[in-house]
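I opened this one to go through its charged pairs and its sheet. My notes follow in the order I looked things up.

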Amino acid sequence: MENCIFCKIIGGEIPSPRLYEDDKMIVIRDIEPKAKLHYLCIPKTHFALLDEMDEEKSEILKYCFEKIAQIKDSLGLQDGYRIIINQGENGGQTVHHLHIHLLGGEVLGGF
């Protein structure tokens, strides 16, 4: 998407250090962290909402969750972490490119 900040980061138009990258996803630090460690796992395929899920996007999201489990220790999340996917305006989604927040590095308060 032409005006999507995450697509621009993925495409290299906006610099952002990548903590992990492969052909399907990247992991970067959140610029407004809500925990000691706050990362964003961003699929390279652009879609905004779970409502847009089809078989291909479902496989990409499944892959992201599997990869998060594999790389959690290298991100400092070995003692546990929280996963959040914001959906829509009322859900707090500010960038309309589906992404997974990973929060950890400390004891997180409950809901």
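**Salt bridges**

I count six salt bridges, taking a salt bridge as a side-chain nitrogen of Lys or Arg within 4 Å of a carboxyl oxygen of Asp or Glu. A note on the source: this is a predicted model, so local features need pLDDT of at least 70 and side-chain atom pairs count only at pLDDT 80 or more, while totals for chains, interfaces and linings use all residues. Residues are numbered from 1 along each chain as its sequence is written, and side-chain values use heavy atoms, with hydrogens and water left out.

I looked up Glu21 and found a salt bridge to Arg18, with the closest N and O atoms 3.0 Å apart. Arg18 and Glu21 are also linked with Lys44 in a network of salt bridges. For burial I use relative accessible area: buried is under 20%, exposed is over 50%, and partly exposed is in between (1.4 Å probe, protein chains only). Glu21 is partly exposed at 39%, and Arg18 is partly exposed at 28%.

My next pair was Glu66 and Lys62, a salt bridge whose closest N and O atoms are 3.9 Å apart. Both residues lie in helix α2 (residues 55–71), four residues apart, about one turn of the helix. Helices (H or I, at least four residues) and strands (E, at least two) are DSSP runs, numbered from the N terminus. Glu66 has a relative accessible area of 41% and is partly exposed; Lys62, at 42%, is partly exposed as well.

Then I checked Lys72, which forms a salt bridge with Asp73, the closest N and O atoms being 2.9 Å apart. Lys72 counts as partly exposed at 23% relative accessibility, and Asp73 counts as partly exposed at 45%.

Lys67 lies in helix α2. Leaving aside neighbours within four places in sequence, Lys67 is in contact (heavy atoms within 4.5 Å) with Tyr20, Asp22 and Met25.

**A charge over a ring**

I also looked at Lys24: its charged end sits over the ring of Tyr63, 5.1 Å from the ring centre. The rule here is NZ of Lys or CZ of Arg within 6 Å of the ring centre and within 35 degrees of the ring normal.

**The sheet**

I traced an open sheet of five strands in the order β1-β2-β3-β5-β4, with antiparallel pairing. β1 (20–21) and β4 (81–84) stand at the edges, each with a single partner strand, so one side of each is left without a neighbour in the sheet. Two strands pair if DSSP finds at least two bridges between them.

How covered is strand β3 (residues 37–43)? It is mostly covered, with seven of its seven residues buried. Leu37, Tyr39, Cys41 and Pro43 point one way from β3, and His38, Leu40 and Ile42 point the other way.

I followed β3 to its partners. Strand β2 (residues 25–29) pairs with β3 in the antiparallel sense over five bridges. Arg29 stands opposite Tyr39 in β3, and Ile28 has Leu40 as its bridge partner there. Strand β5 (residues 100–104) runs antiparallel to β3 and is joined to it by five bridges. In β5, Gly104 is the bridge partner of Leu37.
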